[in-house]
Amino acid sequence: MPSELHPAGGDTLIEIDHVTFGYDASRTILNDISLRFQRGKVTSILGSSGCGKTTLLRLIGGVHAATSGRVKFDGEVVDARDRDQLYRLRRRMGVLFQFGALFTDLSVFDNVAFPLREQTDLKESMIRDIVLMKLNAVGLRGAAHLRISEVSGGMARRIALARAIALDPELIMYDEPFAGLDLISMGVAARLIRTLNDVTGSTSLVISHDVPECMAISDYVVLLANGGRIVAQGTPAELMESSDPEVRQFVRGEPDGPVKFHYPAPTIAEDFGLGAGGGR
Amino acid sequence: MGKKGIETLVGLFVLLGMLGLVFLALKAANLTSFGGGDTYSLTAKFDNIGGLKPRAAVRSAGVTVGRVASITLDAKTYQGVVKLEIDKGVQFPKDSQARILTAGLLGDQYIGLEPGADEKNLAAGDVIVQTQSAVVLESLISQFLFNKAADAGSESGAKK
Amino acid sequence: MNFLALLGARALRVLQSFGHAAFFFVDLLRAIPVSLRRFGLVVAQIHAVGNLSLVIILSSGLAVGFVLALQMYYALVTYGATESLGLIVNLALVRELGPVVTALLFAGRAGTSLTAEIGLMKAGEQLAAMEMMAIDPKERVLAPRFVAGMVSMPILAILFSAIGILGAYVVAVLLIGVDAGNFWSIMQDKVDVWRDVGNGIVKSAVFGVICTFVALYQGHETDATPEGVAYSTTRTVVISSLAVLGMDFILTALMFSTP
C-alpha cells in the first residue's frame, strides 16, 4: 500500500555504487552491486538466507568497508575507517537488529532512553516524555517499567524499534523484522513499519525473506540471489507478475526451480550402492 | 540496588582497602620506627664493612637511632665509606666510636654507636673518626690456627 | 614438509593475535579518560568486580594465614626460631602470596564473570547495536570495567595480606602460644614499608591490569555461541593465571634480587 502522502520524485538517500564485498578472499558475498534507495520510501531487500542482505545493511552502516566500489549516504561516501564521520552519519540512522539486541541489564524505559541520554543533553523530564511517546507509537507505553527478561519476543522487537527511532533518524534499517513472529505480531510489525515511514517522512530499508508482508508494505523491492547479484528490482506489482523463473520461484515459494532443492551430492546409485554391482 | 546504595558500598570497599594499607604499613612494617623523621648525615670509614648492607640499623645501647644510607669505596684509601642517617633528636659526642656488630650469632650486621666523652657533639656531615671494622670469620679462623700452631711450636721448642 | 607449513601458519596466527591484542589494549587505554568522565559507570563496575569478590578474597586470606602460621611454626621450631614467625608470614603474604593468590582468585571469579558478560553481550548483538547508535562500546562498556579491575586488585591484595597476618596471629599467638610481643616487633623491625609492602602493591596493580585486560579481550573476541563463550571463559582463567605467574617471576627478580 504505497502511500499518497509522499509522491515519487524523491532524492536518492543511499547509493550503492558497483560494490563488491567478501568476508574473506574465498567467498564473495556481494558481486558488483549497484542500487539506489529513494528518500521517503519503504524499500525491501529480499532473498534467501545467505545471499548478502544483512551484509548490505552492514556496508551501509559502515561496519565493514567494501572491497571495491562505494557506498554513499546522502551524497557522502561512507568510510568505514573514519570513525568521526562514521559516527556522525550513524546518528542519522536507526537499526532494528534481528532479535532486538536490547540491553539486558537495563529496563525497557532505560533501553529506549539510552540513545537520548548518550547523544543528547536533554533533561530527564524531556527524555521521559520522548521515551513514552516512542513507546506509545509501538503500543508499549504501559510496559515501560518492565525488565527485558520479562518481555516476549514480539514485544522485544517493538521495544527495539522504539529505541531505533528515539532520535528520529532519517533512515531506519530493519534486519529480518518478521522472523519468528506469529501472524498477529507480523501484521503489527508490518503496519508499524509502514505507518512510521509515512508519518515521520523517513526512509525505511527492510531486509527479509518474508514475501507477503514485504510486498504488502513496500514501495520498491530488490531481489538478491546467492553469490551476491541482483535478480530483479521494481515495484511489488512488477515482481509478482514477472516471468523470470528465479523471481517466480522466490515469490511463490516453490520448493524447486532455479534454486535447487537438493544440495549437490553424488548420484543415488553411488551413495546407496545400487547399480552395476547390485545391492550388498 | 539503587545508585546511592552502590556508591556507598564502593566507598566502603575503598575505605577498607585504605585501612588495610594503614594496618600493613604501621602494625606490620617499619613505618613508625623510622619513617619520616628528620635526620642528619654522618660518615664513618671502615677497613672492612663485612656484611653490612644499606638500610641496616644504626643502634646505640641497642636502640635503633638511624639507618645506613649508602656504602661506597674510597678509591684512594681503599676504605669502606659508610654514610649514616641519624635521628635529629639524638646527638653523639665527637669522639664516639662506630663498630660493626652482628645481631645474634648469625644475624644481620648493624652499626653500633658508642658515645664518647667529648663535650662537643658531631654535627651534620661530620666524620666519625673512631671505627672498628667487622669481624671477618676467615681471619678469626686463620688467627686461631696460627695461634694453635705457635703454641704447639713453642711447646715442642720448650720440650726440646 | 606439510607439518612445517602448519607450524609456520600456526606461529603466524599467534603473532597476529598478539598484534590484535596489542591494538585492543591501546584502544582500551585511549578510551579510559572518556569513561572516567562517566564515573558512575566505573563505580558500578568496582562494585561488581571488587565488592562482590570480597567474600572469597577475605576467606581465602584468612585460611592462607592460618595454614602459613601452622606450617612455618613446624619449620621454625626445630631451629628455635619461632619468634620470627610473624616476620616470615608477613613477608610471604605481602611480597608474594597476597598479590599472586589474589590475582588467581580474581581471574577465576571476576575475570570469568567479565568474559561471560561481554561475550554474551556480543552474542546478543548488544555491542553491535551500541556501535550502530554511534556509541563506542569500548568507552561505555569495556573501559569502565578495565578501570574498575585496575583499582580493585590492589585493594583486594592488601586486604588479603592484612587478614592473612591477622589469621596467622590468631593461630600463632592465641592457639600455639608464640610470644605476641615478638610476633609483632620483629615483624615491624624487618618489614620495610616501601620495599615489601610497596612492591607488593605494585605487583598487584600489574596483575590487575593483566587479569582485567585478558578477561575483557577474551570476552570481546569470543565466538558468539554458547560453546564460544564457555571456551573463552576457560581461556581467561588459563591465560590470566599463566601470565600472572610469569610476571610474578620477572617482577620478583627485579624487585627483590638484592637483599
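Two strands are said to pair if DSSP finds at least two bridges between them. The model described here is predicted.

**The sheet of chain A**

In chain A, strand β1, residues 12-21, is joined to β2(A) by six bridges, and the two run antiparallel. Within this pair, Ile16(A) stands opposite Leu35(A), a residue of β2(A). Both strands belong to an open sheet of four strands in chain A, with the order β2-β1-β4-β5 and antiparallel pairing. The edges of this sheet are formed by β2 (30-38) and β5 (76-77) of chain A; each has a single partner strand, so one side of each lacks a neighbour in the sheet.

A helix accompanies these strands. Helix α1 of chain A, residues 53-60, lies across β1, β2 and β4 (68-73) of chain A, and runs at about 115° to β1(A).

**Helix α5 of chain A**

Helix α5 of chain A comprises the 12 residues 153-164. From first C-alpha to last, α5(A) reaches 16 Å, close to the 16 Å expected at 1.5 Å a residue. The buried residues of α5(A) include Arg157(A), Arg158(A), Ile159(A) and Ala160(A). Leu161(A), Ala162(A), Arg163(A) and Ala164(A) are also buried in this helix. Among the elements of chain A that cover the buried residues of α5(A) are β6, α3, α4 (124-137), β7 and α6.

**Two residues with positive phi**

Most residues other than glycine have a negative phi. Against that background, Ala101(A), which is not a glycine, has a positive phi of about 50°. Ala101(A) is placed in the loop between β6 (93-96) and α3 (108-119) of chain A. Glu176(A) likewise has a positive phi, near 50°, and is a residue other than glycine. The loop that holds Glu176(A) lies between β7 (171-175) and α6 (183-200) of chain A.

Are these residues buried or exposed? Ala101(A) is buried, because 24 other C-beta atoms lie within 10 Å, and the cut-off for a buried residue is 20 or more. Glu176(A) also counts as buried, with 21 C-beta neighbours inside 10 Å.

**Contacts between chains**

| Chains | Residues in contact |
|---|---|
| C and A | nine residues of chain C, 13 residues of chain A |
| B and C | 22 residues of chain B, 25 residues of chain C |

On the side of chain B that touches chain C, 13 residues are nonpolar, five polar and four charged.

Notes:
Residues numbered from 1 in each chain as written. Chains lettered and ligands numbered in written order. Predicted model: local features only at pLDDT ≥ 70, side-chain atom pairs only at ≥ 80, totals over all residues. Contact = placed C-beta atoms within 7 Å. Axes fitted to C-alpha atoms, helices over the stretch in contact; angles between N-to-C directions. Buried ≥ 20, exposed ≤ 12 C-beta atoms within 10 Å, placed from the backbone. Nonpolar A, V, L, I, M, F, W, Y, C, P; charged D, E, K, R; others polar. Expected span 1.5 Å × (residues − 1).
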